[in-house]
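Please read the following note with the model open beside you. Each point takes up one part of the chain and says what can be checked there.

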Amino acid sequence: MLELDLLTAVSPIDGRYRTKAGTLAEYFSEYALIKYRVQVEIEYFITLCELPLPQLKCFDHARFESLRDIYRNFSEADAQRIKEIESVTNHDVKAVEYFIKEQFDKLGGLEKYKEFIHFGLTSQDINNTSVPLSIKEALEKEYYPQIQKLIDQLASYAEEWKDIPMLAKTHGQPASPTRLGKEIMVFVYRLRRQLDILKSCAITAKFGGATGNYNAHHVAYPEFDWRAFGNKFVSEKLGLEREEYTTQISNYDNLGAIFDAMKRINTIMIDMNRDFWQYISMEYFKQKIKAGEVGSSAMPHKVNPIDFENAEGNLGVANAIFEHLSSKLPVSRLQRDLTDSTVLRNIGVPFGHTIIAIQSSLKGLGKLLLNEHKIYEDLDNCWSVVAEAIQTILRREAYPNPYEALKALTRTNQAINESSIKNFIETLEVSEDIKKELRAITPHNYTGI
């Protein structure tokens, strides 16, 4: 079997695009999942000591930081040791428990406390806290900064080009003029709104024992309020919100909401990338040329909008997987089946394709060169778009059948230019002041507010 490297990786995220999405390995790789599991187990043990359980009253709290160093200094060698243990146990979370017990032995003097590692828990108490924690940190440290960078770039262009009049196209046909900056601001507005919705989604975790009822905890220590304990642990130690009523596994409804929110943002980015692609095709933008780059293997003249195409393709893949995650994860047979386990391991995939797409979008935006001449030319060659303005003013003046009059003028296969519009104005039975008002309207200034 081929050794795994950039050339032999099956997934392009770990191969061709490793330089773009490789940082996500800190959150979604097998190593990362194991590290998060160790973190949850350690923080859980510490919280039991803080409660304290009677048998943990004598645990020296000064040693908490040494325990935390087990996950703070977690290495690939540590992860490999856990995989070696798993090869015997055939259970990944149990292997983590045994690894931590080994670490307790190395620290010394902790022998009598080892059985309180993973005390009363099922594997999903660890998995359904580790995975949401990884998502939380990936959003905060990777996704939010990069999507914000994209929004900021778009907002900068919107401001820079706010006064550039442009022919609008509805149904692919000339329509009331707009401004380039405003059209870009539409995407800024949409992305900001949906990003706010994503950030408002609760990131929740399941933590409640084998079937969500704290059975083992309660039978051993009925005097404690384990629901309050779980709420405090998940909130204060992990920065998550505990799901109050669950089966053995998370309800996954809130993860579904996160994936749906990310999918909507991706859909807006698809729309944005297609529009910029189209503007380049219309020659409203040219692209910066980099020495040595080739646009086509056959046509030397080409500078293709490949970054916008790359982004669109990756966003499509990401959304297909986000869709499956959000629709599949909340569905499980009775108190649980195992279908969620294998699906959860793919969460990093749509994140990866999304990060690749954001970076490709930014690269494409960074190549844009405004072609004001072409934008002006298209607008100047389409005087028919002022027909709306003229007929609206005529309506204001109670002129008979203004819409029909303009329709007769403009809805033909003949070219409508400045002369034909102005000649039409002269035929109107309105005051000179109204004619003067109409003459002042051009495709370049009829852009609204």
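Which residue in S2 does methionine 166 stand opposite?

1. Methionine 166 stands opposite threonine 178 in S2. Strand S1 (residues 165–170) and strand S2 (residues 173–179) pair in the antiparallel sense over 5 bridges, where pairing requires that DSSP finds at least two bridges between two strands. The two strands form a hairpin with 2 residues between them, and histidine 171 in the turn has a positive phi of about 60°. Helices (H or I, at least four residues) and strands (E, at least two) are DSSP runs, and they are numbered from the N terminus.

2. Before going further, please keep the basis of these values in mind. This is a predicted model, in which local features need pLDDT of at least 70 and side-chain atom pairs count only at pLDDT 80 or more, while totals for chains, interfaces and linings use all residues. Residues are numbered from 1 along each chain as its sequence is written, and side-chain values use heavy atoms, with hydrogens and water left out.

3. Helix H7 (residues 123–160) and helix H8 (residues 180–200) pack with their axes 8 Å apart and at an angle of about 160°; the axes are lines fitted to C-alpha atoms, for helices over the stretch in contact, and angles run from 0 to 180 degrees between N-to-C directions. H7 and H8 are therefore roughly antiparallel to each other, given that angles under 35 degrees count as roughly parallel, over 145 as roughly antiparallel, 65 to 115 as roughly perpendicular and the rest as oblique. Their crossing is left-handed, a term used if the near helix is turned anticlockwise from the far one by less than a right angle, with right-handed used if the turn is clockwise. The residues of this contact divide into 16 nonpolar, 2 polar and 2 charged, where Ala, Val, Leu, Ile, Met, Phe, Trp, Tyr, Cys and Pro count as nonpolar, Asp, Glu, Lys and Arg as charged, and the others, Gly among them, as polar.

4. H8 also packs against helix H11 (residues 253–281), and the axes of H8 and H11 come within 9 Å and cross at roughly 170°. That makes H8 roughly antiparallel to H11. By class, the contact of H8 with H11 has 15 nonpolar, 1 polar and 5 charged residues. Among the H8 residues that meet H11 are Ile184, Phe187, Leu191, Leu195 and Leu198, and these residues are also among those of H8 that meet H7; contact here means heavy atoms within 4.5 Å.

5. The axes of H3 and helix H6 (residues 92–107) come within 10 Å and cross at roughly 60°. That makes H3 oblique to H6, and H3 passes H6 in a right-handed crossing. By class, this contact has 9 nonpolar, no polar and 3 charged residues. Ile34, Val38 and Phe45 are among the residues of H3 that take part, and Val93, Phe99 and Phe104 are among those of H6.

6. Some backbone geometry deserves a second look, since most residues other than glycine have a negative phi, and most peptide bonds are trans. The peptide bond from leucine 51 to proline 52 is cis, with omega near -15°, and proline 52 is placed in the loop between helix H3 (30–50) and H4. Tyrosine 214 has a positive phi of about 55° although it is not a glycine, and tyrosine 252 likewise has a positive phi, of about 65°. Tyrosine 214 is found in the loop between strand S3 (204–205) and helix H9 (215–220), whereas tyrosine 252 is in the loop between strand S4 (241–242) and H11. Tyrosine 214 is buried, with a relative accessible area of 4%, and tyrosine 252 is buried too, at 2%; buried means under 20% relative accessible area, exposed over 50%, and partly exposed in between (1.4 Å probe, protein chains only).

7. Phenylalanine 64 is in helix H4 (residues 64–72), and it counts as buried because its relative accessibility is 6%. Not counting residues up to four places away in sequence, phenylalanine 64 touches Ile46, Cys49, Glu50 and Phe59. Phenylalanine 64 and isoleucine 46 are 18 residues apart in sequence, and their C-alpha atoms are 6.7 Å apart in space.
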